[in-house]
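Thanks, everyone. I will keep this to one topic, the salt bridges, and go through them pair by pair.

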Amino acid sequence: APSAPPTACEWPRWRGPDGTGQFFESLGLRPGRRNAIAAGATEAGSGVLIAVGAATPLAAAGLSAVMITALRTAIWNEGFKPATGEHEVLLAVAALALTETGPGAPSLDRALGLESSGPGWTVAALGAGAAGSAMAISMGRRQPDAPAPADAPAAPEAPRAPEAPTP
């Protein structure tokens with residue numbers, strides 16, 4: 001099974017959207033580069049929203065979508081395995097917990113009087129995240145495999161079988 005994509009602590013070994021795109025292709029999330037950029041932008045954008053306390057349910061939905069997709073395609077792709085996926089589950093649950101409680105006093109949502117929190121918003125964020133994950137996986141698997149690069153050597157032809165002698 002492929003290894004999980006790098007976490008923030010592993011950025012020095014991150015290979016950019018092309019390398020991550022190849023990893024996504026191996027998971028069936030095609031086109032890989034586009035999905036890698038979308039996942040990275042969603043994760044980063046949602047993280048910024050959580051940090052400043054803005055649009056918390058939307059941010060929780062985005063983080064949940066990325067984490068659910070990681071769990072379904074890279075970590076638990078062959079079924080649930082104990083002692084795996086803790087990081088992804090923790091990130092999704094933490095974002096959803098902030099949706100339940102609200103981002104707190106030092107947040108843009110509270111300052112602007114736009115705070116949306118509680119069980120209904122939490123369930124909506126989880127549902128949106130699950131739907132987003134399902135869409136990303138479904139759309140990625142409907143795309144055809146990427147063609148081989150034009151400069152890649154063609155597969156050699158199999159040698160011809162010797163002809164049987166005629167009597």
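Predicted model: local features only at pLDDT ≥ 70, side-chain atom pairs only at ≥ 80, totals over all residues.

K81 and E78 form a salt bridge through their side chains, with 4.0 Å from N to O. The cut-off for this kind of contact is within 4 Å.

Next, R33 and D18. Their side chains meet in a salt bridge at 2.6 Å, N to O. Which parts of the chain does this pair tie together? R33 sits in helix α2, residues 32-52, and D18 in helix α1, residues 16-26, so the contact links parts that are 15 residues apart in sequence. As for accessibility, R33 is partly exposed at 44%, and D18 is partly exposed as well, with a relative accessible area of 46%.

That leaves E115 and R110. The salt bridge between these side chains has an N to O distance of 2.8 Å. E115 has a relative accessible area of 27%, which puts it in the partly exposed class. R110, at 43%, is also partly exposed.

To recap the distances, N to O: 4.0 Å for K81 and E78, 2.6 Å for R33 and D18, and 2.8 Å for E115 and R110. That is the end of the topic.

Terms used
Residues numbered from 1 in each chain as written. Heavy atoms only, no water. Helix = DSSP H or I, 4+ residues; strand = E, 2+ residues; numbered from the N terminus. Buried < 20%, exposed > 50% of the residue type's maximum accessible area, 1.4 Å probe, protein only.
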